[in-house]
Amino acid sequence: MKRLNSKEPYLMLAPSFLLLMIFLLYPLLSSFLYAFQSYKLTAPNDIGFNGLDNFKAVFSDANFGMILRNSFIWVVVTVGGQFVLGFILALALRKPFPGRNLYQAIVFLPWAVSSFVVGLTFRWLLNAEYGPVNDLLLKWGIIDDKIYFLSDPQLALFTVILTMTWYGIPFFAIMLLAAMQSIPEDLYEAADIDGAGIWSKFWHITFSYIKQTIILTLLLRTIWVFASADLIYIMTAGGPANSSNILSSYMFMKAYATLDYGQASAIGLFFMALLILFCYLFMKVTKFEKAGNF
Amino acid sequence: MTRNQRAALPILRIVILVFYLLMVLLPFYWLFITSVKPRMDILTTDIQYWPKHFTLDNYRVLWSASNFDVFLKNSVLVSIGTGLFTTCFAILGGYALARYKFKAKTAAVYGLLLTQMIPGVLVMIPTAILFSKVGLMNSLSGLIIIYIVGNIPFCLILMRSFFDRIPVDLEEAALIDGCSKLGALFRIVLPIMLPGIVATFVFAFIGAWNELLCAIMFISSDEFKTIPVGLSMFVQSYDINWGVMTAGAVMALIPSLVMFAIVQRFVVEGLTDGAVKG
């Protein structure tokens, strides 16, 4: 069945790889060039190289520091929250119970829902005038004044983070649950015989057995969360006054609203540099190379 | 572990499970009941947790006053197109990776995994420039292409893991019985893999159905807008008609829910398989 020097596998992979080269690799490489060009769709006759002008313009933007800080908070709090809450859910789902399949189908639902629907729903839930969250918090006496979740510059970013955390719990839970289910049950039985406590079992068996999955999931999710801009676009459009903008949403808004593709590409290049630096450090710290097995 | 701890654990577990269930269901509940309330019951500070007056007016307005039928048609076309092409390419490529040995195999697998780390927002701008040069801007086929590209690496790896689970002996037996190689693939292997194929299709379908930013970036005229783009235009204004918007969101939700319900188990299996084993 398995043959070397056959052309067949190459032909079979060709459609996928051709598409990836034309519509992923080529655009990615060409964005290096656009970052050093004046490329405004509003001025199509004025396209040409302009050296480091785009980078200068981006870095001297008064909001750039805040946007970087926001990106950091966004990634750390969101991924941290998704991980902890996803882990707890996976632990609760590990042992079978009646109706577990139906239960799983329901709690994993957010994974299949569009960011548009999620963003709209949470905007409406957290609405200051007519939203149920403010209403209940007031009725129960938890707060005295309405919370302006999305229009308060101090809160807007954290409101989107809350929503994003909710959105991403299923992904972590699914990945961690599958890894937990591959832990041989006799490990726990042996630990019971040895009289190991619940924490010791958790730490020495559950956690250490699925460590590689945790590392891989954290890496993939961090990249994904760092790059995702759609919830921010739907919920706040980066506002009020950029207070909930992160690097990716700022870049999207720059390209979409101002049509300045040159500056947006410069942000993109900076973005990519950060990402590569992060991946490098992450793999170094976690010794990730040992995790790959194919 | 003390006796008290042992007794407390199952209760704690039930509390946790109920908490997550409510956390997922309550937002959807609120979305749904808003869509069946009349406008005066939505825009009131006397908030109704159970609708006093049930109405389908919001759905009627959605269908008559907006281009929702056009958005729906576009979403269906784009999602089915993406699903079909992605699945076909993934079957071919997955089969090649699972059943052949060839020089560039490791490089191909690494390449596919690496694409998973390239954020879509980065590629969006140069792709827009490329699209406008070749006339794919503001077209459904352009959108389908970009969605195939976005979904193919994962789906291909996923499909490969489904092939890996099927014993090679089955195909070899068919070959000995005089089946051609392609015949063996179509007559023996693919039928067994139907659940995996469906899961791959659903994965790509849901991805295309839900995608927002590329669709915003690449589509400008109403006649080509998909549901998320079409409706998001109304969300950006200050005067949101919440009744109609929630009705639209419910409509956008239904296909993903149905699909997810059907193949939930396979998607869950496949996600972990495809992503962890590589």
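Biologist: In which hand of crossing does α13(A) pass α6(B)?

Modeller: In this predicted model, α13(A) and helix α6 (residues 120–134) of chain B pack with their axes 9 Å apart, at an angle of about 145°. The hand in which α13(A) passes α6(B) is left-handed.

Biologist: Which residues of α6(B) make the contact with α13(A)?

Modeller: By class, the residues of the contact of α13(A) with α6(B) divide into seven nonpolar, two polar and no charged. From α13(A) the contact takes A:Tyr261, A:Ala264, A:Ser265, A:Gly268, A:Phe271 and A:Met272, and the residues of α6(B) that make it are B:Leu122, B:Ile125 and B:Ile129.

Biologist: Taking the contact between the two chains as a whole, which helix gives the largest share of the side of chain A that touches chain B?

Modeller: The contact takes 75 residues from chain A and 84 residues from chain B. On the side of chain A that touches chain B, the largest share amounts to 15 residues, and these come from helix α1 (residues 8–34) of chain A.

Biologist: How many residues of the side of chain A that touches chain B are nonpolar, polar and charged?

Modeller: Chain A brings 75 residues to the contact with chain B. Sorted by class, the residues on that side of chain A are 56 nonpolar, 13 polar and six charged.

Biologist: Is α4(B) parallel, perpendicular or oblique to α10(B)?

Modeller: The axes of α4(B) and helix α10 (residues 194–210) of chain B come within 8 Å of each other and cross at roughly 140°. Because angles over 145 degrees count as roughly antiparallel and 65 to 115 as roughly perpendicular, with those under 35 roughly parallel, the relation of α4(B) to α10(B) is oblique.

Biologist: Which residues in α10(B) meet α4(B)?

Modeller: The crossing in which α4(B) passes α10(B) is right-handed, and by class the contact of the two helices has ten nonpolar, seven polar and no charged residues. From α4(B) the residues include B:Ser75, B:Gly83 and B:Ile91. Those that they meet in α10(B) are B:Ile197, B:Thr200, B:Phe201, B:Ala204, B:Phe205, B:Ala208 and B:Trp209.

Biologist: How many charged residues has the contact of α4(B) with α7(B)?

Modeller: The axes of α4(B) and helix α7 (residues 140–164) of chain B come within 6 Å and cross at roughly 35°, and the crossing is right-handed. By class, the contact of α4(B) with α7(B) has 19 nonpolar and seven polar residues, while the charged residues number three.

Biologist: Which peptide bond of chain A is cis, with omega near -10°?

Modeller: As a background to this question, most peptide bonds are trans. The proline involved, A:Pro240, lies in the loop between α11 (230–235) and α12 (247–258) of chain A. The cis bond is the one from A:Gly239 to A:Pro240.

Biologist: What is phi of A:Leu259?

Modeller: Most residues other than glycine have a negative phi. A:Leu259, which is found in the loop between α12 and α13 (261–286) of chain A, has a positive value, near 60°.

Biologist: What percentage of residues 261–283 of chain A is helix?

Modeller: UniProt, in an unreviewed entry, places the feature "transmembrane region" at several spans of chain A, among them residues 218–241 and 261–283. For residues 218–241 of chain A the end C-alpha atoms lie 31 Å apart and the span is 67% helix. For residues 261–283 of chain A the end C-alpha atoms lie 32 Å apart, with 0% strand, and the helix content is 100%.

Biologist: Which element of chain B has the lowest mean pLDDT?

Modeller: Chain B averages a pLDDT of 87, and 91% of the residues score at least 70. Over residues 274–278 of chain B, pLDDT stays under 50, and for these residues the model has 14 contacts beyond four places in sequence. Among the elements of chain B, helix α4 (residues 68–99) has the highest mean, 95, and the lowest, 77, belongs to helix α13 (residues 242–277) of chain B.

Definitions and conventions: Residues are numbered from 1 along each chain as its sequence is written. Chains are lettered from A and ligands numbered from 1 in the order in which they are written. This is a predicted model: local features need pLDDT of at least 70, side-chain atom pairs count only at pLDDT 80 or more; totals for chains, interfaces and linings use all residues. Two residues are in contact if their C-beta atoms, placed from the backbone, lie within 7 Å. Helices (H or I, at least four residues) and strands (E, at least two) are DSSP runs, numbered from the N terminus. Ala, Val, Leu, Ile, Met, Phe, Trp, Tyr, Cys and Pro count as nonpolar, Asp, Glu, Lys and Arg as charged, and the others, Gly among them, as polar. pLDDT is the predictor's confidence in each residue, from 0 to 100. UniProt positions are given in the numbering used here, feature names are shortened, and annotations may be inferred rather than shown by experiment. Axes are lines fitted to C-alpha atoms, for helices over the stretch in contact, and angles run from 0 to 180 degrees between N-to-C directions. A crossing is left-handed if the near helix is turned anticlockwise from the far one by less than a right angle, and right-handed if clockwise.
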